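Me: I have a structure open and want to learn how to read its features. Can we take them one at a time?

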Amino acid sequence: MSLLDVRNLEVIFEGTPRPTIAVAGISFTIGRGERLGLVGESGSGKSITALSIMRLIDFEPGEKTIRGSVIYQENDQLAIDLMAIEQAAVRPFRGKKMAMIFQEPMQALNPVLRCGKQVEEAVCLHQGISGPEARKAVLDLLVQVQLTDPERIYQSYPFQLSGGQKQRILIAIALAGKPELLIADEPTTALDVHVQKGILELLESLRQQYNMSLLFISHDLGVIASICDRVLVMKDGHIVESGLVKTIFESPQHPYTRGLLACRPRLGTKPNRLPELKDFAPDKTGHTPELKSVLDRIGAAPAYAIPDQQPILEVEGLAVYFSGPRIGLFSRKRPLIKAVDEVNFQIFPGETIGLVGASGSGKTTLGRSLVGLLPLQKGRIRFRGKDISGLEKSEWQEIRRDLQMVFQDPYASLNPRKSIGEAIREPLEVHGIIKDRKAQQGRVVELLEWVGLEAGHYHRYPHAFSGGQRQRICIARALALEPDFLICDESVSALDVSIQAQVLNLLKDLQERLGFSCVFISHDLAVVNFIADRVFVMDAGRIVEQGFATEIYRHPKSGITKRLIEASLF
C-alpha cells in the first residue's frame, strides 16, 4: 500500500523571455517502508519536487504555477491531497508525518543558536513536552544519530561542528516528530567518503528503527544504489527512467542514465579520460552507444613513470601547528594541534599528485602552506631550487605568479560584486603580464573559451552561473598567469558527477596543453585514482602512504587507505 501518491505534479516559474518548467507533470508513488531514490543533475527538478511534496515550494521567491496532486494516505479510509488544502492545514503534516533533511546544513541551521536548542524546538513542537523532559529527549536523539559526547554537542554552535556532525543534527531535527516519510535532499554532498558512508548507514538504521519510508535525493547513482530499492531518474523536469536499482544499474535504457553511471570515477579502472553525457547522445540514426563502446573508444591511461628531471617542488620536514581551544574555563593553557607534522616529498614537472585523506587529516593545511597562505613552524619548501619557506608576504607576489590555487568553494572565492571577466583579468593587471586593457580582455575571452565558457559571459556576475561553471571560472583565473604549479583543493567535491567528469577532463586537457604540475586534494580516492599519477595518503598531519595511484589501490598498506578504499566502493 502506498504512503504517498504524486500525480501529474507540475511546477512552472514565470520569467523572461519565457517561463521555466522546473517539474513537468511527473507521477510516482512511495510505498510504506520503501526506499525510493530520485537522481539527476543539478537543475533536473529533484529538490523542487521534494519542496513541492512538503508544500515548501509555496515560500520560494518569484511568481510560479503549481499543478497536480500530492496524496498522503493517512490510513485505509483517509487520503488527503496536500496540494488542495490551505497552508495552515499542511503544518501538522510537516515534521510529524513528513520530515526533510536539507542539503546545506550550515544554511539550514541557525548560526546563533546552540545546536541542542534547535533540536529542542522541534521536540517541543512535535512531542508537546518542555523543560527537563525535552532536554532529555534531545540528548536521546543525539545519541540515536550517533553523536559522541551529546552534552558538548548540545551546547555547541553549528560553526563548532564538522560537516558530518551538522548533518547528524539535521537528521535529529527531522526525527523529532517520528515521521512516516523522511525526505533526504543530497545529505552527503561534499562529505568525505568515510563520513558519507557513516551517514548512509545511520539513515538506513533509523529507517528500520522508526519503520519510515525514505525519499533519497542525489546526483550520484552510486550513492542511490547503496541505500535505495527503487530509483527515478530525472532530467529537465521529466522522469526519463524508473525501476529497481539493480535493474537500472545492470541494464540502463535511457542514454542519460547510461551517462550518469559512466561519469562516476571507479577505483578498478583508470581510463584516459572520463566519459561525459555527450558521449551517450544519439547519433543521426537515433542509435545510442553502449558503455563498453564508449570506454573502448576512450582507452586506458598510459602507465606513468617518474620523469628523469629535477623536482619542481621539494618539501623537507614541513610542520604547521595551531593552538587549540583552552583547557577548562579558567585555564590559559591551549593544546598544540599538529595539523601538518614533519612531511617530506618531491613533485616533478608535469606530474599530478593526489593528496587524499579524511576530513581533518591536514590536506588543506598542507596545500595552503605550499602557496604561503599559512606560516610554517618547521621545515623547508624549495620551488625550482629556491627556498621559499621564509619569504615575507611582500616577496610572495613574484612566486605566486607561478604557484596558483583553486579553492574548494568557488562562490566564496569570487567577488560577488565583480564580473567574472574582471575577476580573471585582475591577476593579469596585478602582475603586469599584459599592459593594454583591450589585450587583457582578449586574453580573458581566450581563457573563458579554454574552460568551455563563452565570450558573452565576460560581464556576468558569479551568481548567474552554476556550481560547475563557477569552478571553471576559478580554474580560468588560476591559469591566467600560466603557472608552473597548480593546487586544486576539493575542487570537484560538491559537483554533480556529470559536471565533475567535465571539470576533471578539462584539468587533464589544460595540463597537457600548459604542462603545469598539480597537487589535487580530495577525500575521494576514486577521483584521485583517475586524475593523479602518484598518491599521498594523509592521516593526523602525516603522509602515511605514497605510491603510484594504481598500486595504492591494488596493494594498500595503511589502515586509513584501506578504509578510504572500502568507503569508495559502496
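Predicted model: local features only at pLDDT ≥ 70, side-chain atom pairs only at ≥ 80, totals over all residues.

Me: Which strands does helix H21 lie across, and at what angle does H21 run to S19?

Reply: Helix H21, residues 559–568, lies across S13, S19 and S20. Its angle to S19 is about 105 degrees. Helix H13 (residues 363–370) lies across S13, S16, S17, S18 and S19. H13 runs at about 155 degrees to S18.

Me: How do I read the sheet itself? In what order do the 6 strands come?

Reply: Strands of a sheet pair through backbone hydrogen bonds, either parallel or antiparallel. Here the order is S16-S17-S18-S13-S19-S20, in an open sheet with mixed pairing. S16 and S20 stand at the edges; each has a single partner strand, so one side of each lacks a neighbour in the sheet. On average, neighbouring strands are turned by 20 degrees against each other, direction ignored.

Me: How many bridges join S13 to S19?

Reply: There are 4 bridges, and the two strands run parallel.

Me: What about the hairpin? How many residues lie between S14 and S15?

Reply: The hairpin has 2 residues between its strands. Arginine 384, in the turn, has a positive phi of about 50 degrees. S14 (residues 378–383) and S15 (residues 386–387) pair in the antiparallel sense over 2 bridges. Phenylalanine 383 stands opposite lysine 386 in S15. Phenylalanine 383 is also the bridge partner of leucine 313. S11 and S14 pair in the antiparallel sense too, over 5 bridges.

Me: Is aspartate 402 buried or exposed?

Reply: The cut-off for buried is under 20% relative accessible area. Aspartate 402 has 13%, so aspartate 402 counts as buried. It lies in the loop between helix H14 and strand S16. Beyond its neighbours within four places in sequence, its contacts include Phe383 and Arg384 from the hairpin. Glu482, Pro483, Asp484 and Phe485 are in contact with aspartate 402 as well.

Key:
Residues numbered from 1 in each chain as written. Heavy atoms only, no water. Buried < 20%, exposed > 50% of the residue type's maximum accessible area, 1.4 Å probe, protein only. Contact = heavy atoms within 4.5 Å. Pairing = 2+ DSSP bridges. Axes fitted to C-alpha atoms, helices over the stretch in contact; angles between N-to-C directions.
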